[in-house]
Amino acid sequence: MAEPLPLCYLNGDYLPLGEARISPLDRGFLYADAVYEVMPVYGGRPFRFGAHSERLARSLAAISMEDPHTPGEWRAILAALIERNGGGDQYVYWQVTRGAQLGRTHAPLPHIPRTVFAFCAPLPALSADTLEKGVSCVTAADTRWARCDIKSTALLANVLLRQLSVDAAAAETILLRDGELTEASASAVHVVLGGTLLVPPHSHQILPGTTRGVVEELASRVALPCHSAPVSEAQLRAADEIWLSAATREVQPVTRLDNRAVGTGKPGPAWRRVYDELQRYKLELAGTPW
(Lines give C-alpha, C1' and ligand atoms only; values in the text may rest on other atoms or scores of the structure.)
Protein backbone atom coordinates (compact mmCIF):
# COMPACT_ATOMS: atom_id res chain seq x y z
CA MET A 1 0.00 0.00 0.00
CA ALA A 2 1.20 3.51 -0.80
CA GLU A 3 2.01 6.00 1.92
CA PRO A 4 -0.90 8.15 3.15
CA LEU A 5 -1.48 11.58 1.65
CA PRO A 6 -0.07 14.47 3.68
CA LEU A 7 -3.11 16.04 5.36
CA CYS A 8 -5.46 14.52 7.93
CA TYR A 9 -8.46 15.60 9.98
CA LEU A 10 -8.45 15.42 13.78
CA ASN A 11 -11.18 16.79 16.02
CA GLY A 12 -12.10 19.76 13.86
CA ASP A 13 -8.66 20.59 12.45
CA TYR A 14 -6.96 19.81 9.14
CA LEU A 15 -3.25 19.36 9.73
CA PRO A 16 -0.18 17.45 8.48
CA LEU A 17 -0.58 13.77 9.30
CA GLY A 18 2.84 13.69 10.96
CA GLU A 19 1.71 16.35 13.43
CA ALA A 20 -1.51 14.64 14.54
CA ARG A 21 -1.54 13.70 18.24
CA ILE A 22 -4.01 11.87 20.48
CA SER A 23 -3.97 11.21 24.21
CA PRO A 24 -2.37 7.92 25.31
CA LEU A 25 -5.50 7.53 27.46
CA ASP A 26 -7.78 7.51 24.42
CA ARG A 27 -10.08 4.49 24.67
CA GLY A 28 -9.47 3.71 21.01
CA PHE A 29 -5.78 3.33 21.83
CA LEU A 30 -6.27 1.41 25.10
CA TYR A 31 -9.28 -0.77 24.27
CA ALA A 32 -9.94 -0.48 20.52
CA ASP A 33 -13.17 1.16 21.69
CA ALA A 34 -13.79 2.61 18.25
CA VAL A 35 -15.31 2.01 14.83
CA TYR A 36 -14.15 3.06 11.37
CA GLU A 37 -14.96 3.23 7.68
CA VAL A 38 -12.95 3.03 4.45
CA MET A 39 -14.39 4.52 1.27
CA PRO A 40 -12.96 4.66 -2.27
CA VAL A 41 -12.82 7.97 -4.11
CA TYR A 42 -12.79 8.09 -7.93
CA GLY A 43 -11.83 11.34 -9.64
CA GLY A 44 -12.38 13.22 -6.39
CA ARG A 45 -15.91 11.79 -5.97
CA PRO A 46 -16.56 9.48 -2.99
CA PHE A 47 -18.12 6.17 -3.96
CA ARG A 48 -21.29 5.14 -2.09
CA PHE A 49 -20.96 7.71 0.67
CA GLY A 50 -24.51 7.05 1.82
CA ALA A 51 -23.90 3.34 2.39
CA HIS A 52 -20.64 4.00 4.23
CA SER A 53 -22.11 6.66 6.51
CA GLU A 54 -25.08 4.43 7.30
CA ARG A 55 -22.77 1.54 8.19
CA LEU A 56 -20.73 3.81 10.45
CA ALA A 57 -23.92 4.83 12.25
CA ARG A 58 -24.94 1.16 12.66
CA SER A 59 -21.53 0.25 14.06
CA LEU A 60 -21.66 3.18 16.50
CA ALA A 61 -25.16 2.23 17.61
CA ALA A 62 -24.04 -1.38 18.15
CA ILE A 63 -21.45 -0.20 20.70
CA SER A 64 -23.86 2.27 22.33
CA MET A 65 -22.12 5.37 21.04
CA GLU A 66 -23.91 8.25 19.32
CA ASP A 67 -22.66 9.49 15.98
CA PRO A 68 -20.78 12.77 16.65
CA HIS A 69 -21.76 14.14 13.23
CA THR A 70 -24.77 14.19 10.96
CA PRO A 71 -24.38 12.74 7.45
CA GLY A 72 -24.21 16.30 6.14
CA GLU A 73 -21.41 17.18 8.53
CA TRP A 74 -19.49 14.04 7.61
CA ARG A 75 -19.95 14.91 3.93
CA ALA A 76 -18.43 18.37 4.47
CA ILE A 77 -15.53 17.08 6.60
CA LEU A 78 -14.56 14.36 4.13
CA ALA A 79 -15.09 16.51 1.02
CA ALA A 80 -12.70 19.12 2.41
CA LEU A 81 -10.13 16.48 3.33
CA ILE A 82 -10.27 14.85 -0.10
CA GLU A 83 -9.94 18.23 -1.84
CA ARG A 84 -7.02 19.30 0.38
CA ASN A 85 -5.26 16.07 -0.57
CA GLY A 86 -5.58 16.75 -4.27
CA GLY A 87 -8.70 14.84 -5.26
CA GLY A 88 -8.26 12.20 -7.94
CA ASP A 89 -8.36 8.52 -7.07
CA GLN A 90 -7.78 7.88 -3.37
CA TYR A 91 -9.45 6.28 -0.41
CA VAL A 92 -10.50 7.93 2.81
CA TYR A 93 -10.34 6.27 6.23
CA TRP A 94 -12.28 7.75 9.13
CA GLN A 95 -12.87 6.57 12.67
CA VAL A 96 -14.60 7.56 15.87
CA THR A 97 -13.30 6.53 19.29
CA ARG A 98 -15.11 6.91 22.59
CA GLY A 99 -12.47 9.46 23.57
CA ALA A 100 -9.90 9.96 26.30
CA GLN A 101 -10.74 9.68 29.99
CA LEU A 102 -8.56 10.15 33.05
CA GLY A 103 -7.66 6.80 34.53
CA ARG A 104 -8.40 3.40 33.10
CA THR A 105 -11.69 1.57 33.48
CA HIS A 106 -13.37 -0.99 31.27
CA ALA A 107 -16.78 0.61 31.81
CA PRO A 108 -17.06 3.49 29.31
CA LEU A 109 -18.02 6.95 30.51
CA PRO A 110 -20.88 8.16 28.31
CA HIS A 111 -20.16 11.89 28.07
CA ILE A 112 -16.44 12.31 27.32
CA PRO A 113 -15.62 14.06 24.00
CA ARG A 114 -15.24 11.65 21.10
CA THR A 115 -12.06 11.48 19.05
CA VAL A 116 -12.70 11.86 15.31
CA PHE A 117 -9.84 11.15 12.90
CA ALA A 118 -9.59 10.78 9.14
CA PHE A 119 -6.85 10.46 6.54
CA CYS A 120 -6.50 9.71 2.83
CA ALA A 121 -4.18 7.52 0.77
CA PRO A 122 -3.74 6.72 -2.93
CA LEU A 123 -6.25 4.14 -4.13
CA PRO A 124 -4.49 0.94 -5.23
CA ALA A 125 -5.15 0.15 -8.88
CA LEU A 126 -5.75 -3.41 -10.02
CA SER A 127 -2.61 -4.52 -11.79
CA ALA A 128 -2.61 -5.93 -15.30
CA ASP A 129 -1.29 -9.16 -13.79
CA THR A 130 -4.29 -9.46 -11.45
CA LEU A 131 -6.72 -8.78 -14.29
CA GLU A 132 -5.05 -11.39 -16.48
CA LYS A 133 -4.15 -14.07 -13.96
CA GLY A 134 -6.21 -13.43 -10.84
CA VAL A 135 -4.94 -13.88 -7.30
CA SER A 136 -4.27 -16.81 -5.00
CA CYS A 137 -5.78 -17.30 -1.55
CA VAL A 138 -5.46 -19.64 1.40
CA THR A 139 -8.14 -20.82 3.81
CA ALA A 140 -8.17 -20.82 7.59
CA ALA A 141 -10.54 -21.28 10.49
CA ASP A 142 -12.41 -18.08 11.34
CA THR A 143 -11.03 -17.21 14.78
CA ARG A 144 -12.48 -13.71 15.03
CA TRP A 145 -14.86 -12.47 17.71
CA ALA A 146 -18.64 -12.94 17.71
CA ARG A 147 -19.63 -9.49 16.33
CA CYS A 148 -17.88 -9.23 12.98
CA ASP A 149 -20.84 -7.15 11.72
CA ILE A 150 -19.46 -4.21 13.73
CA LYS A 151 -16.69 -2.44 11.82
CA SER A 152 -14.51 -2.18 14.90
CA THR A 153 -10.87 -1.16 15.05
CA ALA A 154 -10.28 -4.33 17.15
CA LEU A 155 -8.65 -6.16 14.24
CA LEU A 156 -5.94 -8.30 15.85
CA ALA A 157 -7.57 -11.57 14.74
CA ASN A 158 -7.88 -10.21 11.19
CA VAL A 159 -4.22 -9.16 11.28
CA LEU A 160 -3.08 -12.63 12.33
CA LEU A 161 -5.27 -14.29 9.70
CA ARG A 162 -4.03 -11.94 7.00
CA GLN A 163 -0.46 -12.82 7.99
CA LEU A 164 -1.19 -16.42 6.99
CA SER A 165 -1.71 -15.33 3.40
CA VAL A 166 1.37 -13.10 3.49
CA ASP A 167 3.43 -16.07 4.67
CA ALA A 168 2.01 -18.14 1.79
CA ALA A 169 2.66 -15.37 -0.79
CA ALA A 170 -1.10 -15.18 -1.34
CA ALA A 171 -3.48 -12.21 -1.62
CA GLU A 172 -5.99 -13.07 1.10
CA THR A 173 -7.10 -15.57 3.74
CA ILE A 174 -10.61 -16.93 3.17
CA LEU A 175 -12.33 -17.91 6.40
CA LEU A 176 -14.39 -20.96 7.34
CA ARG A 177 -16.50 -21.41 10.46
CA ASP A 178 -18.30 -24.67 11.30
CA GLY A 179 -17.81 -25.92 7.77
CA GLU A 180 -19.19 -22.81 6.05
CA LEU A 181 -17.72 -19.78 4.31
CA THR A 182 -17.92 -16.50 6.22
CA GLU A 183 -15.68 -13.94 4.47
CA ALA A 184 -11.96 -13.15 4.18
CA SER A 185 -9.64 -11.38 6.58
CA ALA A 186 -10.37 -8.00 4.96
CA SER A 187 -12.72 -8.76 2.06
CA ALA A 188 -16.10 -10.19 1.18
CA VAL A 189 -16.10 -13.47 -0.75
CA HIS A 190 -18.39 -14.33 -3.68
CA VAL A 191 -18.75 -17.81 -5.20
CA VAL A 192 -20.01 -18.69 -8.68
CA LEU A 193 -21.42 -22.19 -8.84
CA GLY A 194 -23.51 -23.55 -11.70
CA GLY A 195 -24.08 -20.11 -13.20
CA THR A 196 -25.29 -18.52 -9.95
CA LEU A 197 -23.50 -16.04 -7.73
CA LEU A 198 -23.68 -17.06 -4.07
CA VAL A 199 -22.86 -14.91 -1.04
CA PRO A 200 -23.21 -15.97 2.60
CA PRO A 201 -26.19 -14.34 4.33
CA HIS A 202 -25.59 -11.39 6.62
CA SER A 203 -25.18 -12.27 10.27
CA HIS A 204 -23.14 -11.27 13.32
CA GLN A 205 -20.30 -13.30 11.75
CA ILE A 206 -20.07 -11.20 8.57
CA LEU A 207 -19.46 -7.52 7.95
CA PRO A 208 -22.15 -6.08 5.64
CA GLY A 209 -19.75 -5.03 2.88
CA THR A 210 -20.64 -1.93 0.86
CA THR A 211 -18.64 -3.18 -2.14
CA ARG A 212 -20.32 -6.56 -1.75
CA GLY A 213 -23.64 -4.74 -2.10
CA VAL A 214 -22.45 -3.04 -5.28
CA VAL A 215 -21.34 -6.39 -6.73
CA GLU A 216 -24.77 -7.88 -6.02
CA GLU A 217 -26.48 -4.96 -7.77
CA LEU A 218 -24.17 -5.19 -10.78
CA ALA A 219 -24.76 -8.94 -11.04
CA SER A 220 -28.44 -8.11 -11.60
CA ARG A 221 -27.50 -5.58 -14.27
CA VAL A 222 -25.59 -8.24 -16.23
CA ALA A 223 -28.31 -10.90 -15.72
CA LEU A 224 -26.21 -13.04 -13.40
CA PRO A 225 -28.48 -14.76 -10.84
CA CYS A 226 -27.40 -13.88 -7.30
CA HIS A 227 -28.56 -15.51 -4.07
CA SER A 228 -27.70 -15.01 -0.43
CA ALA A 229 -27.33 -18.50 1.01
CA PRO A 230 -24.93 -20.51 3.18
CA VAL A 231 -21.88 -21.68 1.23
CA SER A 232 -20.30 -24.91 2.47
CA GLU A 233 -16.59 -25.59 2.38
CA ALA A 234 -17.27 -28.25 -0.26
CA GLN A 235 -19.09 -25.71 -2.44
CA LEU A 236 -16.28 -23.19 -2.01
CA ARG A 237 -13.69 -25.73 -3.14
CA ALA A 238 -15.86 -26.87 -6.08
CA ALA A 239 -16.65 -23.32 -7.24
CA ASP A 240 -16.39 -22.35 -10.88
CA GLU A 241 -15.27 -18.87 -9.80
CA ILE A 242 -14.37 -17.15 -6.52
CA TRP A 243 -14.15 -13.38 -6.14
CA LEU A 244 -12.96 -10.97 -3.46
CA SER A 245 -14.52 -7.56 -3.03
CA ALA A 246 -13.52 -4.64 -0.82
CA ALA A 247 -13.29 -0.85 -0.95
CA THR A 248 -9.61 -0.95 -1.92
CA ARG A 249 -9.85 -4.11 -4.08
CA GLU A 250 -12.98 -3.46 -6.16
CA VAL A 251 -13.77 -7.03 -7.30
CA GLN A 252 -10.89 -9.46 -7.91
CA PRO A 253 -10.87 -13.00 -9.30
CA VAL A 254 -9.39 -15.78 -7.16
CA THR A 255 -7.78 -18.34 -9.45
CA ARG A 256 -5.95 -20.49 -6.88
CA LEU A 257 -7.14 -21.64 -3.47
CA ASP A 258 -4.77 -23.51 -1.17
CA ASN A 259 -2.45 -24.15 -4.16
CA ARG A 260 -5.22 -25.68 -6.27
CA ALA A 261 -6.79 -24.10 -9.34
CA VAL A 262 -10.22 -22.50 -9.03
CA GLY A 263 -12.30 -23.51 -12.06
CA THR A 264 -10.09 -23.22 -15.13
CA GLY A 265 -7.36 -21.49 -13.14
CA LYS A 266 -8.04 -18.23 -14.99
CA PRO A 267 -10.34 -15.26 -14.28
CA GLY A 268 -13.82 -16.43 -15.21
CA PRO A 269 -16.40 -14.96 -17.60
CA ALA A 270 -18.89 -14.05 -14.87
CA TRP A 271 -16.23 -12.04 -13.04
CA ARG A 272 -15.30 -10.23 -16.24
CA ARG A 273 -18.93 -9.22 -16.86
CA VAL A 274 -19.31 -7.81 -13.37
CA TYR A 275 -15.88 -6.15 -13.36
CA ASP A 276 -16.57 -4.44 -16.69
CA GLU A 277 -19.99 -3.33 -15.45
CA LEU A 278 -18.35 -1.83 -12.37
CA GLN A 279 -16.08 0.28 -14.58
CA ARG A 280 -19.12 1.49 -16.53
CA TYR A 281 -20.95 2.25 -13.29
CA LYS A 282 -18.05 4.35 -12.01
CA LEU A 283 -18.17 6.39 -15.23
CA GLU A 284 -21.93 6.83 -14.84
CA LEU A 285 -21.40 8.34 -11.40
CA ALA A 286 -18.57 10.66 -12.43
CA GLY A 287 -19.64 14.27 -12.04
CA THR A 288 -22.93 13.43 -10.31
CA PRO A 289 -23.77 14.65 -6.78
CA TRP A 290 -22.76 12.35 -3.95
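**Ground rules**

I'm working with a predicted model, where local features need pLDDT of at least 70, side-chain atom pairs count only at pLDDT 80 or more, and totals for chains, interfaces and linings use all residues. Residues are numbered from 1 along each chain as its sequence is written, and side-chain values use heavy atoms, with hydrogens and water left out.

**The sheet**

I looked up the strands and helices as DSSP runs, numbered from the N terminus (helices are H or I, at least four residues; strands are E, at least two). Six strands make an open sheet in the order 2-1-6-5-3-4, with antiparallel pairing. Strand 2 (13-16) and strand 4 are the edge strands, each pairing on one side only. Two strands pair if DSSP finds at least two bridges between them. Strand 1 (residues 7-10) and strand 2 run antiparallel and are joined by four bridges. I found Tyr9 opposite Tyr14 in strand 2. Helix 2 packs on this sheet, touching strand 3, strand 4 and strand 5, and its direction makes about 175° with that of strand 3. For that angle, axes are lines fitted to C-alpha atoms, for helices over the stretch in contact, and angles run from 0 to 180 degrees between N-to-C directions.

**Helix 2**

I checked the length next. The expected span of a helix is 1.5 Å times one less than its number of residues. The 14 residues of helix 2 (residues 49-62) should span 20 Å, and the end C-alpha atoms are 20 Å apart, which agrees.

Which residues of helix 2 are buried? They are Phe49, His52, Ser53, Arg55, Leu56, Ser59 and Leu60. Buried means under 20% relative accessible area, exposed over 50%, and partly exposed in between (1.4 Å probe, protein chains only).

**Helix 5**

I ran the length check again: the 12 residues of helix 5 should span 16 Å, and the end C-alpha atoms are 17 Å apart, which agrees. Asn158, Leu161 and Ser165 are the buried residues here. They fall within an arc of 70° seen down the axis, so they line one face of helix 5. Leu156, Leu160 and Asp167 are exposed on the other side. The buried residues of helix 5 pack against strand 7 and strand 8.

**Lys151**

Is Lys151 buried or exposed? Lys151 counts as buried, at 11% relative accessibility. I found this lysine in the loop between strand 7 (135-141) and helix 5 (156-167). Leaving aside neighbours within four places in sequence, Lys151 is in contact (heavy atoms within 4.5 Å) with residues including Tyr36, Glu37, Arg55, Ser59 and Leu207.

**Positive phi angles**

Most residues other than glycine have a negative phi, and I went looking for exceptions. Asp178 has a phi near 55°; it sits in the loop between strand 8 (172-177) and strand 9 (180-184). At 77% relative accessibility, Asp178 counts as exposed. Glu250 also has a positive phi, near 55°, but lies in strand 14 (residues 250-257). Glu250 is buried, with a relative accessible area of 10%. Just after helix 2, Ser64 takes a positive phi of about 55°.

**Ring pairs**

How many aromatic pairs are there in the whole structure? My search found nine. Rings of Phe, Tyr and Trp (its six-membered ring) pair if their centres lie within 6.5 Å; planes under 30 degrees apart count as stacked, over 60 as edge-to-face and the rest as tilted.

Phe49 and Trp290 are edge-to-face, 5.2 Å centre to centre with 80° between the planes. This pair links distant parts of the chain, with Phe49 in helix 2 and Trp290 in the segment after helix 8 (269-285), 241 residues apart. Phe49 is buried at 2% relative accessibility, while Trp290 is partly exposed at 26%.

The rings of Trp74 and Trp94 have centres 6.1 Å apart and planes at 45°, so that pair is tilted.

Conventions
The arc is that of the directions from the helix axis to the C-beta atoms.
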